[in-house]
Amino acid sequence: MSSHLRRGVVAATVIALSTASLAGCGAGRNAQTSGVNPDNAAITVGSIKIQNVNIVTSEDGDGPAAVSARIFNDGTEDETLESVKVTGAGGEVELKPAKDGDLTVPAGGSLMLGGPNNASAFLADTGDVTDGNAQPIVFELSETGAVELRATVVPARGGYSDYGPTPPAEAPSDNAPGQSEEEGAGDSASPDADGAENSGETENGAADGENAADAGSGTEESPVAE
């Protein structure tokens, strides 16, 4: 084999080994991390896997925010999402289940946070949470415990427009539909007014009785005067 050919073979071998080494290092680093991908926040802890984690602010970046994520449970036992905490926020995250649902992460299934008809995680006071941040966030589950990672903070635009913050619905009033509190108070005051009118009628009757008595007394005294 010529010297030129031998040098070519050696060079090709070095390149192949270098490529394999780089690939091995990449696999090793991914294996040692907690499954976090900066472009798409995700993490796996035991049988729980949380993906697509974002904190979605209002369209202009001000005001409240919402947490969106999907929580998978590859275990054999159901778990419950107990709380979500955002580091740097000015208040607590308010969790609300989907209509006719709860915050269970079923075994072999998943729980979706954010988006139409799904459970929601509403943050009224964002504090230091700012668009573009990789904000620390903690999901607390009933069996797995605290699962921490960083969520990307994005405004509710484009693909995130359906995941923006929506305040939880307020509890219904005790008054009848269409009836204000003042109207209710007016109705309750009506019996007193009726009572006052009846009282007036009674007083008028008493006065009439007194007048009649005076008239009768005058009639009896007339024969004596004669």
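Trainee: Where in the chain is E77 placed?

Mentor: E77 sits in the loop between β3 (65-73) and β4 (79-86); helices (H or I, at least four residues) and strands (E, at least two) are DSSP runs, numbered from the N terminus. This is a predicted model, in which local features need pLDDT of at least 70 and side-chain atom pairs count only at pLDDT 80 or more, while totals for chains, interfaces and linings use all residues. Residues are numbered from 1 along each chain as its sequence is written, and side-chain values use heavy atoms, with hydrogens and water left out.

Trainee: Is E77 buried or exposed?

Mentor: E77 is exposed, as its relative accessible area is 57% (buried is under 20%, exposed over 50%, partly exposed in between; 1.4 Å probe, protein chains only). Across the protein chain, buried residues make up 25% of the 226 residues.

Trainee: What pattern does the protein chain follow along its sequence?

Mentor: The order is α-β-β-β-β-β-β-β-β-β-β-α, and the totals are 2 helices and 10 strands.

Trainee: How should I read phi at N52?

Mentor: Start with the general idea: most residues other than glycine have a negative phi. Here N52, not a glycine, has a positive phi of about 55 degrees. N52 belongs to strand β2 (residues 48-57) and is partly exposed, at 39% relative accessibility.

Trainee: And what is the phi of N117?

Mentor: N117 also shows a positive phi, about 65 degrees, although it is not a glycine. N117 lies in the loop between β7 (110-113) and β8 (120-123), and its relative accessibility of 76% makes N117 exposed.
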